[in-house]
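Notebook open, model loaded. I want to jot down what I looked up, one item at a time.

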Amino acid sequence: MLQSSATVRPWASKVRHRVFSLETEYAICFVESESRSPVDPSLVVDALRRSLVKRYGTDESAFLVNGSKFHYDLGHAEWSLPECRTAREAAIYDKAADAALRGVLRGAEKQLSSRGGGGRLRVVKNNVDANGRTWGCHENYLCQRETDWLQRGDHLRLLIRYLVPFLVTRQVYAGAGRVGWGQNLEERFAFQIMQRADFIEKVVSDDTQHDRAIVNLGRERDTLAADEFRRLHLILADANMSGWATWLKLGTTGLLLRMLEDLHFGEIPHLGDPVDALHRISRDPTCSVEVPLTDGSTATAVQIQRRYHQQARSYLERFPASSEEREILRAWGEALDQLEQDPRGLVGKVDWLTKKALLDGWLGQRGLNWSDIDRGSPVYYDLLKMDIDYHNLASTEGLFYEFLKLVSDHGGGAEEEPLDSFFDPQVVRQAIQTPPPYTRAKIRGDLLRSARRHGTPVAVDHWEQVVLGDYGILLEDPLRFFDAEVFSILRDGKRTPRDATDHDEDA
Amino acid sequence: MSDQRRIRKEKPSSLGRREEQAPTNLARGAEEAEAVDRHLKAMADLVRRMSLGQTPSSDEARIIELSDNRPELRQTSEEYVTEFSDSQTMGQ
């Protein structure tokens, strides 16, 4: 143990600055009714973008008024969340992204249909197809590059060593569930916990399109805030439909990063083969499979998570904690209890359990089991279709949203369709229009709102810069949320700094 | 457009949810609407109890009768999955 949990270090109480964000690649599909051929995905994303810009953006910018970015990337619609200061905030903005896309679906579909022939637009927040392709939901965490004791290289090695067993086992509450084993479903037609598991092939890698890894170092060289911070980029996780799952995934990871920055942690179980463990845990929805550890023993995913949870509890008992951190700790512990005692209690919160409950119920109604299903049979395709539809953003097709409608008391007379079982819909709707208040997203978003309302000449194409007329303002520090020049522009209307200078010179 | 194509467009989803379209065959439409309504009510109850950790009885499960036994609807699930997968490319 590097440090006794009973030892109080004065620096451990200082506030840790964190930025949380997600980059989600949404699957898109528009097949023309007449030709039965898929429309080029860049055209589909463009139709969505134009509809989004009409409500939340400007023609000159790739960013939207809440500080997020929507663009075409490798055949998908990528939504990058604005920089958020807490896991809860990031999870709310993730739901806001889903809600904004849902809101423009029919408008974009209309645009695409006007090309002739009509068709149905589908936007799906999943990570795999049946042809062996995958796309991601990447997590970003701003963390310190070095500690009081460790230089950056050593701290990175420590971070990898400490985080890998946690990330491998985090799927028991963060997995989105998948029908089929193997990248092409070639191994077995059975349910597994993670969408992405079969596509994770290394422990550490720089790449995001090949050799996908548990820990990605592709963004390690990014310079952030005078090099004080590192951008930890994780590519292994599934996109979540459940806001609770997104919150807990980000929240537990953020909590461990804080502990690492304080060098406050004890012994953790090290996995003999992390990639194999990731796959084996994913393929055991009973959560009882024991994976080999380096000390010759074995442990289940829940047991490994409990070791982290115990250390986090010890940490938060000794050092100041935010109310959200305490809430994360409590929810994390309760989820682990339920996974061991009665996982059905997590239906509605944990995506893979919710999806599995729906699919098991559907099979049960027909007197079928997973082992009865023949490859290529009608039921085989029905289950694959439902697997996709769980993540479908359309209110008329998405099974996650259908689930919300069924379990809520709103019934058919509800004024608003439910967005999530965890977050207040009003808060989510507000997040579509408003940037997070305490990061540079605030400056970016406020300027774009001013551009929409007052015609302020603003262009934002980069995370680290906003352009006012021909005057650029650098926003290198992601934690900077106030700029005096921007404030005066927002206060005085659409004058740019250049306008102001000219005006002063004239005077 | 073939009759087969028209039927596919009007299909309920695999869970029995139905697009809001006026059925061309009123008798069949009313029958299907009733079946879908029955399914949704039963499914709501099923999911509620699942979320509370309960399992529906076999009698209750039998009440939930989906109208997806027709070959054209089965074909549609395959078509749906194929369309979706053919539209995707490798991402990050």
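For my own reference, buried takes 20 or more other C-beta atoms within 10 Å of the residue's own, exposed takes 12 or fewer, partly exposed is in between, and the C-beta atoms are placed from the backbone.

This is a predicted model, where local features need pLDDT of at least 70, side-chain atom pairs count only at pLDDT 80 or more, and totals for chains, interfaces and linings use all residues. Residues are numbered from 1 along each chain as its sequence is written, while chains are lettered from A and ligands numbered from 1 in the order in which they are written.

Where does A:D211 sit? I found A:D211 in the loop between β8 (202-205) and β9 (213-216) of chain A. Its phi is near 45°, a positive value in a residue other than glycine.

I then checked A:C287, whose phi is also positive, near 60°, and which is again not a glycine. A:C287 lies in the loop between α6 (274-282) and β11 (290-292) of chain A. Buried or exposed? A:C287 has 21 C-beta neighbours inside 10 Å, so I put it down as buried.

**Chain A overall**

I noted 15 helices and 15 strands in chain A; these are DSSP runs numbered from the N terminus (helices H or I, at least four residues; strands E, at least two). The radius of gyration is 23 Å, close to the 23 Å from the globule rule for 507 residues, so chain A is as compact as a globular protein of that length. That radius is taken over C-alpha atoms, and the rule is 2.2 Å times the number of residues to the power 0.38. The C-alpha trace spans about 80 × 70 × 45 Å along its principal axes. Of the 507 residues in chain A, 50% are buried.

**α5 against α8**

Last, I looked at helix α5 (residues 243-261) and helix α8 (residues 323-341) of chain A, which pack at about 115° with axes 10 Å apart. α5(A) and α8(A) are therefore roughly perpendicular (65 to 115 degrees; under 35 is roughly parallel, over 145 roughly antiparallel, the rest oblique). Axes here are lines fitted to C-alpha atoms, for helices over the stretch in contact, with angles from 0 to 180 degrees between N-to-C directions.

Which residues make the contact? From α5(A) I listed A:L248, A:G251, A:T252 and A:L255, and from α8(A) A:E325, A:I328, A:A331, A:W332 and A:A335. Contact means C-beta atoms, placed from the backbone, within 7 Å.

Methods
Two residues are in contact if their C-beta atoms, placed from the backbone, lie within 7 Å.
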